[in-house]
Amino acid sequence: MGIEFKLDGRTVTAEPGETILEVAKRNGIEIPTLCRDEKVSRTTSCFVCVVRDRGTGRYLPSCSSCPTQGQDVDASGEEVRDMRRTALNLLLSEHTGDCEAPCTMACPAHADVEEYVKAGCDGDFAGALEIIKRRIPLPMSVGRVCPRFCEKQCRRNIYGKPVAINEFKRLAADMCYDSYMETLPPLSGKRVAVVGAGPAGLSAAYYLRLHGAEPVVFDAMDEAGGMLRYGIPEYRLPKSGVLDREIAHFRRMGIRFEFGMKLGENLDFGKLGKDFDATVLALGCWGGSGMRCPGEDLATVGIEFLRNVVQSDCKAPNPGRTIVVGGGNTAMDCARTAIRLGAPSVTCVYRRSETEMPAEKQEVAEAREEGVEFSFLVAPVGLSERDGHLVLACRRMQLGEPDASGRRKPVEIAESDFELEADTVIAAIGQRTMAPAGIPVDRRGGIAVESGAKVMERVYAAGDCVGGPATVVEGIASGHEAADEIARDILGVDIDPVKPICVSRGEWQHLSKDDIVFARTETSDADRETLDTLPAELRKRSFAETTRTMTARQLAAEGKRCIGCSCSDKHECKLRKHASLYGCDPDAISGEKPEAGCDDRHPVIIRDRGKCLKCGICVKTCSEVVNRNLLGFKKRGFSTFIGTAFGERLPDSCSECGACVEACPTGALAWKKESGK
């Protein structure tokens, strides 16, 4: 005879011996669990499957509790969810691993770095490009100008130099871009105006089309690309051979462009609201910041200088003796461009030391090779004209305490003024948004967003005009976010906004070689492949691209240097899945973590103690299903862990079984990457 009881307010029936978890599953009520496996006896260890007895107020593990006649069980209420969240947070507090590789976590666009590196290493560059384009719609450009956030966090840095990750994007795109085409969904009938054809606007248009919208991109300039075209010099990003090929692909996708259209002049914001279902503002930061000293209007704004060179087809006049004020990448671009235009001398003036320069170290090194001189700890205090030349009055500085940026603040040195004479002074200090009237702005002058990318009803913003000047890949990520938000709000596309939990062992700077888990079956100890760069003397006389794309042979060698340090179970891990759905936080509960340890002695199986939940499923699977007893609990209390007898490695015969690996709810027991399992 069945047992009738209430489950989430519904009267249900349980068979004798049936658990609340089993009844819930049969009735379509999902209860998370980590320690329950139907192949083995009950363990009741994780407490993630708790439900609440409304009559007694007690919390019960549903995986082992059988209902009683007339019982009233809450399986989905907020109090129950909060208890499950606490249980999951407790498990996360002891969990040590890497849900994602640090390279992927560092990428602003969240590209699947390990996956495309692996595909490139195997010679599958078409497959690599497909993976890249899920998150980066401009791979040819990004492969050349990205500041390599991923490489800066690559764990190979512990051993010397990081994997040349950026080059995988570059070669995959160079080889396969023209033949690649996305599978496009039918148009939904919804039209979206994208104002701005820079990285953020192009990214928004790209993902909107993939969501089924019809994007129309408006831009004030004559050609698409924004800062990619007008702010990055030809020697870093060729326009005809690279950028134009990428823009042509957007047109093949059916994305339409309208040029010479400037918001607030010949493009009416109100009319866009009437003609389109949504609008994305991706205006960029085209306003230059001044030097904040008398006579600053005599200086040339850095981004205007670069834009004029592009529009002159790299035939702008020789700027003569040139001083560039600033220490960022735009300053380096201006200085190196002036060299190529024939400037007899170029001096970069920066108010901090070289250590504090935000410019990429490679850019600084190449600028120095090309003849750019640097004057550090010097700040401009005035600019004037004298005898047909410009005179920059300067003052020497010294570093004081760190400011809001985290860098040490420059402090003036009294009576240290001196002068520098030049024909051209370029102010490459910063950029700002020039938002048209009627668009809400924040205190910094950027477009104000309510939440995410939303500015107001049916209006969204992305890129530099929101958060200030950023990198190309950050603009792409912002455009993608805006497109996804429009897809949810306007197109009705079901996009899960929940971001997966990412547990990390930490940045490589805080780790030792002993902390690194090698998940690859084979890892090369070879040095990083060298990028072929034109000699400085040739670079100085030409706007030709300074570096050549690595070969497939080189990248096959580079791919073998990848440690593969993300969790091999990241797509199947139950702890990650449940913790993400319940809004958990790996740092919600702090405290000492159990001692970690990794055993990779077996040829294809890796045992990572830091990821173990001590649920006991593997122990019971080996004992009750396989009829062997290779695994068991060691020690007692907080230090308990699962291991083998006398610390021996698992026997080779486990390669043909792997029942414990398949049963493990996390990646504590996993097949090594490339093991074929």
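Mentor: Let's start at the end of a helix: α21 is followed by Asn 627, whose phi is positive, near 65°. Keep in mind that we are reading a predicted model.

Trainee: Where does Asn 627 lie, and is Asn 627 buried or exposed?

Mentor: Asn 627 sits in the loop between α21 and β25. With a relative accessible area of 66%, Asn 627 is exposed, because exposed here means over 50%. Asn 627 is also a residue other than glycine, with its phi on the positive side.

Trainee: Which other residue has a positive phi although it is not a glycine?

Mentor: Lys 614 has one, at about 60°. You will find Lys 614 in the loop between β24 (605-608) and α21. Its relative accessibility is 22%, so Lys 614 counts as partly exposed.

Trainee: Now for the helix itself. How do I read which way its residues point?

Mentor: An α-helix has 3.6 residues a turn, so residues three or four places apart point the same way. Now look at α21, which spans residues 617-625: Ile 617, Cys 618, Val 619, Thr 621 and Cys 622 are buried there.

Trainee: Let's move to sheets. How should I think about the side chains on a strand?

Mentor: In a regular strand the side chains alternate between the two faces of the sheet. For a simple case here, take β1 (residues 3-7) and β2 (residues 10-14), which run antiparallel and are joined by five bridges. Leu 7 stands opposite Arg 10 in β2. Together β1 and β2 make a hairpin with two residues between them, and Asp 8 in its turn has a positive phi of about 55°.

Trainee: What order do the strands take in the open sheet of six strands?

Mentor: Reading across, the order is β8-β7-β6-β9-β22-β21, and the pairing is mixed. The edges are β8 (256-259) and β21 (454-456); each has a single partner strand, so one side of each is left without a neighbour in the sheet. From one strand to the next, the twist averages 25°.

Trainee: Which helix lies across β6, β7, β8 and β9?

Mentor: That is α9 (residues 199-210), and α9 runs at about 165° to β6.

Trainee: In what order do the five strands of the open sheet with parallel pairing come?

Mentor: Their order is β11-β19-β12-β13-β14. Here β11 (300-301) and β14 (373-376) stand at the edges with a single partner strand each, so one side of each has no neighbour in the sheet. At one end, β13 (residues 346-350) pairs with β14 in the parallel sense over four bridges, and the bridge partner of Tyr 350 in β14 is Phe 376.

Trainee: Let me try a loop. Where is Ala 428 found, and what is Ala 428 in contact with, leaving aside neighbours within four places in sequence?

Mentor: Ala 428 is in the loop between β19 (424-427) and β20 (431-432). Its contacts beyond those neighbours are Val 324, Val 325, Gly 326, Thr 330, Ala 331 and Cys 334. Ala 428 has a relative accessible area of 9% and is therefore buried, since buried means under 20%.

Trainee: And what about empty space? How do we find any?

Mentor: Rolling a probe the size of a water molecule over the atoms shows where empty space is left.

Trainee: How many residues line the largest cavity, and which lie nearest its centre?

Mentor: There are 15 in the lining, with Cys 103, Cys 154, Cys 562, Ile 563 and Cys 565 nearest the centre. By class, eleven are nonpolar, one is polar and three are charged. Both α3 (102-106) and α4 (113-121) supply at least two lining residues, and the largest share, three residues, comes from α4.

Terms used
Residues numbered from 1 in each chain as written. Predicted model: local features only at pLDDT ≥ 70, side-chain atom pairs only at ≥ 80, totals over all residues. Heavy atoms only, no water. 1 Å grid on protein atoms, 1.4 Å probe; cavity = no way out; pocket = protein on both sides within 12 Å on 5 of 7 lines; lining within 4 Å. Nonpolar A, V, L, I, M, F, W, Y, C, P; charged D, E, K, R; others polar. Pairing = 2+ DSSP bridges. Axes fitted to C-alpha atoms, helices over the stretch in contact; angles between N-to-C directions. Contact = heavy atoms within 4.5 Å. Buried < 20%, exposed > 50% of the residue type's maximum accessible area, 1.4 Å probe, protein only.
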